[in-house]
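Me: Hi! I've got a model open and would like to talk through its salt bridges and cores. Can you help me out?
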Amino acid sequence: MVSTSDGIAMTTVYLALGSNLGDRSANLQEAQRKLGPQVRLDRFSRVYETAPMYVTDQPAFLNMVVRGQTLLGPWELLRFVKGIEAALGRSEGGLRFGPRPIDIDILLYGELVMYAPELEIPHPRIAERAFVLCPLADIAADLVHPALSRSIGQLEEAVPGRDTVVPVTGMIAEAV
């Protein structure tokens, strides 16, 4: 946790951003910009082009992970990121794991471990997703997954599909 200047505790969160429709790079940048009012972003992974997973007949994704500090609780953060997805053209009720202009997943919320039908933290599929672990390891390789008790770097080394996660040359994510 980090405190604001007036001593209010903020929670460190890690969010995965992905896009495979429209101007993928612009979608990632706009998502970062829209996160700004509620999530103070301070770390950014490289941007990766990745093969789609689960539903493979769709365009390749651009993926990245950001770290930030927020005063929002987990449910408020979920509503906030879903609002950003909607604002950037993601429609509800589309094909699960299908193409989308933006996807924002809450990967980690401090040390919180919770399960609810609409929200699991840590994200339940981190350990099986190279497209999440490679960028997450860029900025948090030593961070220990609070439910699996293994570092992100260890999880990244063990995940299959790392060969489908390719850094995009010349595309560095940064504060927008």
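Me: Which residue forms a salt bridge with aspartate 105?
Reply: Arginine 129 does, with the closest N and O atoms 3.7 Å apart. A salt bridge here is a side-chain nitrogen of Lys or Arg within 4 Å of a carboxyl oxygen of Asp or Glu. Before we go on: this is a predicted model, where local features need pLDDT of at least 70 and side-chain atom pairs count only at pLDDT 80 or more, while totals for chains, interfaces and linings use all residues. Residues are numbered from 1 along each chain as its sequence is written, and side-chain values use heavy atoms, leaving out hydrogens and water.

Me: Thanks! Are aspartate 105 and arginine 129 buried or exposed?
Reply: Both are buried. Buried means under 20% relative accessible area, exposed over 50%, and partly exposed in between, using a 1.4 Å probe and protein chains only.

Me: And how many salt bridges are there in the whole structure?
Reply: The search finds 7. One of them joins arginine 24 and glutamate 49, whose closest N and O atoms are 2.8 Å apart. That pair links distant parts of the chain, with arginine 24 in helix H1 (residues 24-35) and glutamate 49 in strand S4 (residues 46-50), 25 residues apart. Helices (H or I, at least four residues) and strands (E, at least two) are DSSP runs, numbered from the N terminus.

Me: Why does arginine 24 count as partly exposed?
Reply: Because its relative accessibility is 23%. Glutamate 49 is partly exposed too, at 34%.

Me: OK, what does arginine 46 pair with?
Reply: Its side chain meets that of aspartate 138 in a salt bridge, at 3.0 Å from N to O. Arginine 46 is in strand S4 and aspartate 138 in helix H3 (residues 130-140), 92 residues apart.

Me: How many residues of H3 are buried?
Reply: H3 is mostly covered, with 10 of its 11 residues buried. Among them are Phe131, Leu133 and Ile139. Aspartate 138 counts as partly exposed, because its relative accessibility is 27%.

Me: Switching topic: which residues have the most contacts inside the largest nonpolar core?
Reply: Leu15, Leu17, Leu35, Val66, Leu77 and Ile104, in a core of 28 residues. H2 gives the most to this core, with 5 residues. A nonpolar core is a set of buried Ala, Val, Leu, Ile, Met, Phe, Trp, Tyr and Cys residues joined through side-chain atoms within 4.5 Å.

Me: What does leucine 17 touch?
Reply: Its contacts (heavy atoms within 4.5 Å) include Leu28, Leu35, Val66 and Ile104, not counting residues up to four places away in sequence.
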